[in-house]
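Welcome! Please take a moment to look over the model below, and then we will walk through it together.

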Amino acid sequence: MKNKRKKFISLCLAGAAFFGMSLLIGCSSSEKRRAEQQIVTPDKQKRFSEQLKKNLVEKYSLISSSTKEKVLAKTISNLANSTVGYSELNSVTVFIVGTDQQFIVPGLGNEIFISRGLLGSLKYENELAFVLATQLALLHEKVPAAALANLQGQEFGETLISLPTATPPLRRHDYLERDWFEPGGFYDFGLSAYMKAEREAVILCHNAKYDPRGAVTFTQRVEFDELGKILPEQEDRLNQARDEVAKLSPLRDPIVKSSGFDTLLKGFQTKKAKKK
């Protein structure tokens, strides 16, 4: 009887030791993850965010239109509020930059920059939802902040966080000022980061009642200019979009075209037509 009791006590002690070790490892891993997420402090991130915005505006200028901004804000709200974990992004501001170059990128804060040229290339509202959802996915995963930490780490000779950049930064001190879309530039987030964001965007669109096939039509038709240098191959993105859409059930009563969508695109499409 005593032997059985001793064996039982030994097993309990061993179990408690294992549980304690598991907690210690778990806490250590959680602390490491939190440390990685806080590599860029809020104050520093805000300062760099303002600097990046200032530089983008100086190069391309901003197009101010309360009507267009409301349409973009509504789409952001629909997407962010449709999926658990994204509601904190429902106040993201979308800025329209005045260039015919086609691109859309996230900022370092709660902002997205979309070009006049890209807006003018959209045909359907679900395509707008898809490109905005992709940026929300990048912000949700804190990809821009991680990219900043990575570039700062390379600048100071430290490995703070590892991103699959194609090459080292072209310039170590002006990555927020220029060459954003070059290999090794600020927006070279890595192929896997962009693929993951577009995959998540299809789900966000579906959850928000936007036909996710917009991911297919957009990816098939639109080729990015400078941004295309650092994106995955168009064929890879297209195949992924088709695969992800095929996994989803058909939507009932999807959002086809809201009243503000034509207003959003009208001026840009007209300007583009006149330029030809």
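Which residues of the largest nonpolar core touch the most other members?

## The core

They are Leu 79, Leu 119, Leu 128, Phe 186, Tyr 187, Phe 189 and Leu 227, out of 71 residues in that core. A nonpolar core here is a set of buried Ala, Val, Leu, Ile, Met, Phe, Trp, Tyr and Cys residues joined through side-chain atoms within 4.5 Å. Helix H5 (residues 125-140) supplies the largest share of this core, 10 residues.

Before going on, a word on the source: this is a predicted model, in which local features need pLDDT of at least 70, side-chain atom pairs count only at pLDDT 80 or more, and totals for chains, interfaces and linings use all residues. Residues are numbered from 1 along each chain as its sequence is written, and side-chain values use heavy atoms, with hydrogens and water left out.

## The chain as a whole

The chain holds 10 helices and 4 strands; helices (H or I, at least four residues) and strands (E, at least two) are DSSP runs, numbered from the N terminus. Starting at the N terminus, the order of elements is α-α-β-α-β-β-β-α-α-α-α-α-α-α.

Of the 276 residues in the chain, 44% are buried. Buried means under 20% relative accessible area, exposed over 50%, and partly exposed in between (1.4 Å probe, protein chains only). Among contacts with a separation of 6 or more, 68% join residues 24 or more positions apart; contact means heavy atoms within 4.5 Å.

Helix H3 (residues 66-80) has 15 residues and reaches 21 Å from its first C-alpha to its last, close to the expected 21 Å. The expected span is 1.5 Å times one less than the number of residues. Buried in H3 are Lys 68, Val 71, Leu 72, Thr 75, Ile 76, Leu 79 and Ala 80. They lie on the same side of H3 because they cover an arc of only 160° around the axis, taken from the directions from the helix axis to the C-beta atoms. Lys 70 and Lys 74, on the other side of H3, are exposed.

Leaving out residues up to four places away in sequence, Leu 79 touches Ala 129, Leu 132, Ala 133, Leu 136, Leu 204, Cys 205, Ala 208 and Tyr 210.

H5 is mostly covered, with 15 of its 16 residues buried. This helix reaches 22 Å from first C-alpha to last, close to the 22 Å expected. After H5 comes Lys 142, whose phi is positive, near 55°.

How do H5 and helix H8 (residues 214-221) meet, and at what angle do their axes cross? Their axes come within 8 Å and cross at roughly 85°, with axes being lines fitted to C-alpha atoms (for helices over the stretch in contact) and angles running from 0 to 180 degrees between N-to-C directions. H5 is therefore roughly perpendicular to H8, a label for angles of 65 to 115 degrees. From H5, the contact involves Asn 126, Glu 127, Phe 130 and Val 131, and from H8, Gly 214, Ala 215, Thr 217, Phe 218, Thr 219 and Arg 221.

## A closer look at Leu 119

Leu 119 sits in helix H4 (residues 116-121) and counts as buried because its relative accessibility is 0%. Beyond its neighbours within four places in sequence, Leu 119 is in contact with Ile 96, Ile 114, Leu 128, Leu 264, Leu 265 and Phe 268. Leu 119 and Gly 267 are 148 residues apart in sequence, and their C-alpha atoms are 9.9 Å apart in space.

How values were computed. Angles under 35 degrees count as roughly parallel, over 145 as roughly antiparallel, 65 to 115 as roughly perpendicular and the rest as oblique.
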